Amino acid sequence: MSYTTVSGAILARVSAATPARVLVIDDDRNVGPAFVRFLEHAGVEAARCGDASSAMTLARDDTFDGFVVDVMLYDVPEGCRLIERLRADPKNADTVYVLN
């Protein structure tokens, strides 16, 4: 999946008047910040964390239009399992999820 596809999927979910908010969940010190820079360049408000526990806290305390999830997080066997946990909260059920 290209970066253009990622931003397009997320941007399609919000109105032009409101910037999209995305949480990038990636423990790689190069990949995570690269995603954030790319999304910010596309006009998306992006935040980043590096582990599942922080992601769950941020998702509980804030609202995001999308999540970019590293499938190889060190503290979760699969990024898909983290997505299941995030989706368990009704406010995140219809949120866009992208695996990287």
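Partly exposed, in these notes, means a relative accessible area between the buried limit of under 20% and the exposed limit of over 50%. I apply that to D62 below. The model I am reading is a predicted one.

**Entry 1: salt bridges**

I searched the whole structure and found three salt bridges. I began with D62. Its relative accessible area is 30%, so I log D62 as partly exposed. D62 forms a salt bridge with R21, with the closest N and O atoms 2.8 Å apart. This pair links distant parts of the chain: D62 is in the loop between helix 3 and strand 3, R21 is in strand 1, and 41 residues separate them.

What else does R21 meet in a salt bridge? I found the side chain of E45, at 2.8 Å, N to O. E45 lies in strand 2 (residues 45–49) and R21 in strand 1, so this pair ties together parts 24 residues apart in sequence. I noted 39% relative accessible area for E45, which is partly exposed. R21 is partly exposed too, at 22%.

R60 forms a salt bridge with D61, the closest N and O atoms being 3.1 Å apart. I checked both partners for exposure. R60 is exposed at 53%, and D61 is exposed at 55%.

**Entry 2: D70**

I moved to the loop between strand 3 and helix 4, where D70 sits. Which side chain of opposite charge is nearest to D70? It is R48, 8.1 Å away. D70 is buried yet has no salt bridge. I did find a polar atom of the D70 side chain 2.9 Å from the backbone nitrogen of M72. Setting aside residues up to four places away in sequence, D70 touches I25, D26, D27, G79 and N100.

D26 came up again when I looked at V68. V68 is in strand 3 (residues 66–69). It counts as buried because its relative accessibility is 1%. V68 and D26 are 42 residues apart in sequence, but their C-alpha atoms are 7.9 Å apart.

**Entry 3: helix 4**

Helix 4 spans residues 79–87, and I marked G79, L82, I83 and L86 in it as buried. Why do I place these four on the same side of helix 4? They cover an arc of only 100° around the axis. An α-helix has 3.6 residues a turn, so residues three or four places apart point the same way. I then looked for what covers the buried residues of helix 4; the cover includes strand 1 (21–25), helix 3 (52–61), strand 3 and strand 4 (96–99).

R85 is also in helix 4. It is partly exposed, with a relative accessible area of 38%. I traced R85 to M56, 29 residues apart along the chain, and got 7.9 Å between their C-alpha atoms.

**Entry 4: cores**

I listed the largest nonpolar core at 14 residues, in which L23, I25, A55, F67, V69, L82 and L86 touch the most other members. Strand 1, helix 3, strand 3 and helix 4 each supply at least two residues of this core.

I took L86 for a closer look. Leaving out neighbours within four places in sequence, L86 is in contact with I25, A55, M56, A59, F67, N92 and Y97. A second, separate core has eleven residues, among them A20, V24, F35 and A46.

Conventions: Residues are numbered from 1 along each chain as its sequence is written. This is a predicted model: local features need pLDDT of at least 70, side-chain atom pairs count only at pLDDT 80 or more; totals for chains, interfaces and linings use all residues. Side-chain values use heavy atoms; hydrogens and water are left out. Buried means under 20% relative accessible area, exposed over 50%, partly exposed in between (1.4 Å probe, protein chains only). The arc is that of the directions from the helix axis to the C-beta atoms. Contact means heavy atoms within 4.5 Å. Lys and Arg count as positive and Asp and Glu as negative; His and the chain ends are not counted. A salt bridge is a side-chain nitrogen of Lys or Arg within 4 Å of a carboxyl oxygen of Asp or Glu. A polar contact is a pair of N or O atoms within 3.5 Å; within protein, one must be able to donate a hydrogen and the other to accept it, and residues adjacent in sequence count only if both atoms are side-chain atoms. A nonpolar core is a set of buried Ala, Val, Leu, Ile, Met, Phe, Trp, Tyr and Cys residues joined through side-chain atoms within 4.5 Å.
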